[in-house]
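Reader: I am new to reading protein structures. Could we walk through one together?

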Amino acid sequence: VAGFRVDAAKHMWPADLAVIYGRLKNLNTDHGFSSGSKAYIVQEVIDMGGEAISKSEYTGLGAITEFRHSDSIGKVFRGKDQLQYLTNWGTAWGFAASDRSLVFVDNHDNQRGHGAGGADVLTYKVPKQYKMASAFMLAHPFGTPRVMSSFSFTDTDQGPPTTDGHNIASPIFNSDNSCSGGWVCEHRWRQIYNMVAFRNAVGSDEIQNWWDNGSNQISFSRGSRGFVAFNNDNYDLNSSLQTGLPAGTYCDVISGSKSGSSCTGKTVTVGSDGRASINIGSSEDDGVLAIHVNAK
């Protein structure tokens, strides 16, 4: 065990939680944890602003579930806010500090309209916007991201798929590694798991080379290790953009993957000046393109 999610932490007095957390042992060095490491604590505290109980009462104890991230990213990729405004994404949007924010596009409650966020929350039911928002969350250094993995539902009180009304049915795994049989398995969508690899590839490198078109087309690099572009306008993105990456040929990890010495999706050629021709058609399945040094 390396961490705990504390359900309904908002309904518990912070000083009491501090006593409980204080009784935890350090993480076991036999399992590769460094000496003195503490368990990761994330506390369910819904604070959309203007609440009687504030997330700031709990951030001294551990991380919190940053529901404002879910609400805000939903508004942006649903077109209620412009992508250009994401340039200061983070605490300027009212979020807790980065190291105290567990961030997510949706969770098991608000994907059903329960909890915080309401109709602006993105779910698997709007896949293009959902994948764009997930890609932005994973490309951006803010917070500790959590990827959702769902079963499909039509009724918000519906349980998981079963074999007989009682026993939960196993997922069916498709040839492209996605799921069926009543399971969504967002974590198995190529556009999402490849962005987890992107996040691992860029490490702690900062955002550089921000570009936007003054509307809903943006791009940025993570140092010189990764580059991502988004198009949420109703017209094509077709621009020469600064990727910050070393010259070479890269595989877009959204439309496909690197396979041996070739790409199964789009190919992006970065010149000696770091620039590349980036094209994302408004009618494409995905409104995002991403390249990184491990997909060169």
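Reader: Which residue in the turn of the β8 and β9 hairpin has a positive phi?

Author: Glad to start there, and please keep in mind that this is a predicted model. The residue is Gly-214, with a phi of about 80 degrees. The hairpin made by β8 and β9 has four residues between the two strands.

Reader: How many bridges join β8 to β9, and in which sense do the strands run, parallel or antiparallel?

Author: First the general idea: strands of a sheet pair through backbone hydrogen bonds, and the pairing is either parallel or antiparallel. Here β8 and β9 (residues 217-222) run antiparallel, joined by four bridges. You can follow the pairing residue by residue: Gln-208 has Ser-221 of β9 as its bridge partner, and Asp-212 stands opposite Ile-218 in β9.

Reader: What is the strand order in the sheet of four strands?

Author: Reading across this open sheet, you meet β8, β9, β10 and β17 in the order β8-β9-β10-β17, and the pairing is antiparallel. Its edge strands are β8 (207-212) and β17 (288-292), each of which pairs on one side only. From one strand to the next, the twist averages 10 degrees.

Reader: Which helix lies across β9, β10 and β17?

Author: That is helix α3, residues 127-139. Compare its direction with that of β10 (226-231): α3 runs at about 150 degrees to this strand.

Reader: What is the order of strands in the sheet of five?

Author: This one is also an open sheet, with parallel pairing and the order β1-β2-β3-β4-β5. Its edges are β1 (3-6) and β5 (144-145), each pairing on one side only. For a close look, take β1 and β2 (residues 40-43), which pair in the parallel sense over four bridges. Phe-4 has Ile-41 in β2 as its bridge partner.

Reader: Into which domains is the chain divided?

Author: Domain 1 spans 3-149 and domain 2 spans 205-292. Their centres, taken over C-alpha atoms, are separated by 27 Å.

Reader: How many residues of each domain are in contact with the other domain?

Author: From domain 1, 17 residues are in contact with 20 residues of domain 2. Another way to read an interface is by area: the two domains bury about 1,500 Å² between them, with 60% of it on carbon and sulfur atoms. Leu-83, Lys-128 and Met-132 supply 36% of what domain 1 buries against domain 2, more than any other three residues.

Reader: How many salt bridges cross the interface of domain 1 and domain 2?

Author: The rule finds one. Look next at Lys-131 and Asp-286: they form a salt bridge whose closest N and O atoms are 3.1 Å apart.

Reader: Which helix gives the most to the side of domain 1 that touches domain 2?

Author: It is α3, with six residues. Both α2 (67-77) and α3 supply at least two residues each to that side.

Key: Residues are numbered from 1 along each chain as its sequence is written. This is a predicted model: local features need pLDDT of at least 70, side-chain atom pairs count only at pLDDT 80 or more; totals for chains, interfaces and linings use all residues. Side-chain values use heavy atoms; hydrogens and water are left out. Two strands pair if DSSP finds at least two bridges between them. Axes are lines fitted to C-alpha atoms, for helices over the stretch in contact, and angles run from 0 to 180 degrees between N-to-C directions. Contact means heavy atoms within 4.5 Å. Domain bounds come from an automatic or database domain assignment. Buried area is the accessible area (1.4 Å probe) that two parts lose on being put together, summed over both. A salt bridge is a side-chain nitrogen of Lys or Arg within 4 Å of a carboxyl oxygen of Asp or Glu.
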